[in-house]
Amino acid sequence: MTLPPSQAREREVNAPPTRKIIHVDMDAFYASVEQRDDPSLKGRPVAVGGGHRGVVAAASYEARVFGVRSAMPSVTAKRRCPDLVFVKPRFDAYKAVSHQIRAIFADYTELIEPLSLDEAYLDVSEDRHGLGSARAIAEAIRARIRADTGLTASAGVSYCKFVAKLASDQNKPDGLCVIRPEQAQRYIASLPVGRFHGIGPRTAERLQAMGIETGADLQQLSLDELRGRFGNSGDWYYRICRGIDERPVRSSRRAKSVSAERTFDTDYRSPDDLRRELDRVAGLAWERIARSGVTGRTVTLKVKYSDFELISRAKSFADPITDLAGLSAAGHYLLEQLHPVPKGIRLLGLGLSNLTEVNGSVPLQLGLEI
């Protein structure tokens, strides 16, 4: 149906303006800071964290070529890359650089939603410096970051947060990608579903088992089909594969907790199996905690049994948890209280709450999406 010209003009006037969103993501942030500060590490495969029986917190691009990834046990990382250099994390240094970067963001917009120390959404719909486009603003920010910190950042530019985040990963490292509204659906259709923010590895496996490999495949499913298979998450999958994301950039979002969880292919009951899996979950959780620059005083264990019964146990401490060993020890203490387990366990989760930033302040602007 064609609207009369007067109604068409009214609809155009009343339509919400298209946002201009930038997602900025520092390239291999922790490892890049270490390589910057220690010239002997430049060009070498570097893992931050790890060490004896530890877990990799971050890996340089030289290490990633060998398949080294964050949250990987250091033994596995060293096996994949025998020349890997482990360095101790220096969170004060990473936090200081993060403050430099946030100061650069603030020169271009007040609407900043940090996700962690090294990435953030920016709403630059208001062109504060008259640069002419969101692309130009992103280029200026990346140039400022390089000049002020000696580090590189990748950026994605689009009309919504979901597409901007996809775009920032497109040309990494040190890249820029712009996806316009009219390009979004075709771009999303070309990507594997595992690239989609909000679709984790387990869900990606489920989708692939259903023959859904790409965004184009996902676009073929109706809203009712997705709801039937994925519950409330089906609504999100339906929208994102069509490039629909109306979430605003929120500059005062309070992080309440940071956590990670794993669903197992096999239900576990033995203490040894559960301890091993909890160590893996703790490594994943600590990588997120470290990236966020926070500490916390309450550790929560989440358990889902084979019959889908869900329980949680928590313990609070007088002093903050400041390292992976402390988080793991607290998690194992909570797990031990459940033995002998009455039935198989299909999921373990571990989280940290009662958060403060490493410098002691309450984390008001982390905006964690975990």
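At 2% relative accessibility, E277 counts as buried, where buried means under 20% relative accessible area, exposed over 50% and partly exposed in between (1.4 Å probe, protein chains only). The structure is a predicted model, in which local features need pLDDT of at least 70 and side-chain atom pairs count only at pLDDT 80 or more, while totals for chains, interfaces and linings use all residues. Residues are numbered from 1 along each chain as its sequence is written, and side-chain values use heavy atoms, with hydrogens and water left out.

The side chain of E277 meets that of R276 in a salt bridge, at 3.3 Å from N to O. A salt bridge is here a side-chain nitrogen of Lys or Arg within 4 Å of a carboxyl oxygen of Asp or Glu. R276 is partly exposed, at 33% relative accessibility. Both residues belong to a network of salt bridges that links R262, D273, R276, E277 and R280. By the rule above, the count of salt bridges comes to 25.

R275 forms a salt bridge with D272, and the closest N and O atoms are 2.4 Å apart. R275 and D272 are separated by about one helical turn, because they stand three residues apart in helix 13 (residues 271-292). Helices (H or I, at least four residues) and strands (E, at least two) are DSSP runs, numbered from the N terminus. R275 has a relative accessible area of 29% and is partly exposed, whereas D272, at 54%, counts as exposed.

A further salt bridge is found between the side chains of E309 and K343 (2.6 Å, N to O). This pair links distant parts of the chain, 34 residues apart: E309 is in the loop between strand 10 (294-305) and strand 11 (310-321), and K343 is in the loop between helix 14 and strand 12. E309 is partly exposed, with a relative accessible area of 36%.

R64, R69, R79 and R80 form a positive surface patch. Patches are made of residues with over 30% relative accessible area and no salt bridge, like charges being joined within 9 Å and nonpolar side chains (Val, Leu, Ile, Met, Phe, Trp, Tyr) within 5 Å. Accessible areas come from the Shrake-Rupley method with a 1.4 Å probe, and for residues only the protein chains shown count as cover. Lys and Arg count as positive and Asp and Glu as negative, with His and the chain ends not counted; the place of a charge is taken as NZ of Lys, CZ of Arg, CG of Asp or CD of Glu.

Zero disulfides, defined as pairs of cysteine sulfur atoms within 2.5 Å, are found in a search of the whole structure. C177 is in no disulfide, and the nearest cysteine sulfur, that of C160, is 13 Å away. C177 is buried, with a relative accessible area of 10%; C81 is also buried, at 2%.

The peptide bond from K172 to P173 is cis, with omega near -5°. P173 lies in the loop between helix 7 (161-168) and strand 8 (176-178). D174 is found in the loop between helix 7 and strand 8 and has a positive phi near 55°, although it is a residue other than glycine. D174 is partly exposed, at 33% relative accessibility. A cis peptide bond also joins H339 and P340, with omega about -5°. P340 is placed in the loop between helix 14 (324-336) and strand 12 (345-357).
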